[in-house]
Amino acid sequence: MTPLARKRLGKILLNTAGILVFLYAVFPVYWMVSTGFKENDQIFTTEFIPFPTHFTFDHFARVLTEGVANNSIWLYMRNSAIVALGTVLIGSAFALLSATAIARFRFKGRGVFLVVLLIVQMLPAEGLLIPLYMMVKRVGLGDQFLGLIITQVALTLPFGVWMLRTFVAAVPKSLEEAAWIDGASRMTTFWKVLFPLVAPGLVATSIFSFITAWNDLVFALYLMSGSQGYTMPVALQYFFGQKGVDWGAIMAGATLMTLPVVVFFLLVQRRMVSGLVAGAVKG
């Protein structure tokens, strides 16, 4: 086989692998959306029905009008938005400040701090459930959005610090020194020089925090005791009844729950891609 033929074969195999990975990732999403539009006789069948033969909006109408657990579905969407946006705002602020301190200053225990962050990121979230639950309860934030937000910040902060540290370290310190020579204060230099250059990384970490908090089930279930404080993932659990599982309503609710994430991603996708690529090549 000639070198040109080997190169073409390699491209074909690589493209085929990429297509298979894409289909593997997209198929569950497609099945979720299509099931939400299927009638019950098409859902509860042993036959493989890839496309709805008769589209129905009954599942979506029932979820939107009847709600879940005597509450409107918009209440749970609002709760999820509060927790997710609160996690993004608080977590991004702490992550940026921590990353700046780690990248720009040399202090005792800096290496240990980074190792601890890495270890915390490697731990499964379920393993932190009991200690975080006890701490939130002891400080009087149980069954409150602030307690749940702080918990989500604790889970997403290590990733944010590690990623933003790379962006801050990649910014030449000479730019900040030049601003100081021109008479800019440290705060002005931070906002006018450093912040715009690390904004792509901040967007990428914000999206990670948003998705993590939006999709959280375990902490929202155990930290919020009343249905008024439940988020969308917890609300979907009510469709698992003793008499069976209402898959049509679950898939319709999951589709509605996915829409805000898709919209949020589409709004910031350019900055997210540039942030991830920059974070991978800088260092």
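The model is predicted: local features need pLDDT of at least 70, side-chain atom pairs count only at pLDDT 80 or more, and totals for chains, interfaces and linings use all residues. Residues are numbered from 1 along each chain as its sequence is written, and side-chain values use heavy atoms, with hydrogens and water left out.

The chain has a mean pLDDT (the predictor's confidence in each residue, from 0 to 100) of 84, with 94% of its residues at 70 or more.

| Helix | Residues | Mean pLDDT |
|---|---|---|
| H12 (lowest) | 247-281 | 73 |
| H4 (highest) | 73-104 | 91 |

Over residues 275-283, pLDDT stays under 50. Where pLDDT is low, the predicted coordinates should not be read in detail.

In helix H3 (residues 58-66), His59, Phe60 and Val63 are buried (under 20% relative accessible area, 1.4 Å probe, protein chains only). Seen down the axis of H3, these buried residues fall within an arc of 100° and so line one face of the helix. Asp58, Thr65 and Glu66, on the other side of H3, are exposed (over 50%).

H7 (145-170) supplies 4 lining residues, the most; H4 and H9 (186-214) each supply at least two.

Key:
The arc is that of the directions from the helix axis to the C-beta atoms. Contact means heavy atoms within 4.5 Å.
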